Amino acid sequence: MYNLLKGKKGIIFGALNEQSIAWKTAQACYHEGAELVLTNAPIALRMGEINKLSAECGNAPVIPADVVNMDDLKKLFEESMKHFGGGIDFILHSIGMSLNVRKGKAYTEIDYNFNQKTLDISAMSLHRVLRTAWDLDALNEGASVVALTYIAAQRVFPDYNEMADAKALLESVTRSFGYYYGMKKKVRINTVSQSPTKTTAGSGVKGFDGFMAYAEKMSPLGNASAEDCANYCTLLFSDYAKMVTMQNLFHDGGFSFTGVTQQVIEQMGK
């Protein structure tokens, strides 16, 4: 422990169970001295084990909030500021959902009503969160916001389906709102593009295990684990990253900039 976040206060969106990157990020932030509020959609709170995480993080309050409901978000921020006795220093946005993927619809056959919900929950929810914080002046000067994304926003991964579009929109919101919030209060907003990670959401993507094995062979450092991602997010929340904003930061063991590895060449030759 280095006390990177000593005295800082943050909200973690999206912790479901011990596999969640959000779960591990909450643990890492708490170990680095932060005070936390945990939140997720009401149905996710019923399905998950978040009370266990709360107990591990100093009995952090668990406040339900539907990220597409502005009233819920307003209540979340107001209750969080009341609990903290002031403003918020960091936020993790770890939220994603695709009805088309759940229903097994191919990208060329997506249901557009489902697609609208996917974009709203997985991408525009970040705008809603930031807009609510903006309106309430909830974020402290120099606060840090991190949203989790994936390289399918830039490259084609067929089975990632419409979530690729959602992640591209998420990254665009990060840049655009990052400009305005940076000008207003030096707030930093970034995305972290993580390796394929065996979370509840990630495991639901068709062919996930095969692709995870491929990514391992294509990454000079191997796939980044959920724990590694949590530590990286913690660093971004700290003052050591106070001049980093509007960036999409690849945290993938080198996968994003590797054309081919010897391991893959040898595998293809078998």
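This is a predicted model: local features need pLDDT of at least 70, side-chain atom pairs count only at pLDDT 80 or more; totals for chains, interfaces and linings use all residues.
Local features need pLDDT of at least 70 and side-chain atom pairs count only at pLDDT 80 or more, whereas totals for chains, interfaces and linings use all residues. Residues are numbered from 1 along each chain as its sequence is written, and side-chain values use heavy atoms, with hydrogens and water left out.

**View 1. The second largest pocket and its lining.** The space in this pocket is about 200 Å³ (a pocket is an open set of points on a 1 Å grid over the protein atoms alone, where a 1.4 Å probe fits, with protein on both sides within 12 Å along at least five of seven lines; lining residues have an atom within 4 Å of a point; the volume is the space filled by probe spheres set on the points, which are joined across faces, edges and corners). Helix 7 (residues 163-185) gives the largest share of the lining, three residues (helices are DSSP runs of H or I, at least four residues, and strands runs of E, at least two, numbered from the N terminus). Among the lining residues are Gly-142, Tyr-179, Lys-186, Arg-188 and Met-246.

**View 2. Lys-186 in the loop between helix 7 and strand 5 (188-194).** Lys-186 also lines the second largest pocket. Its phi is near 60 degrees, a positive value in a residue other than glycine. Lys-186 is exposed, at 56% relative accessible area (exposed is over 50%, buried under 20%, partly exposed in between; 1.4 Å probe, protein chains only).

**View 3. Asp-137 in the loop between helix 6 (112-136) and strand 4 (139-149).** Asp-137, not a glycine, has a positive phi, near 50 degrees. With a relative accessible area of 45%, Asp-137 is partly exposed.
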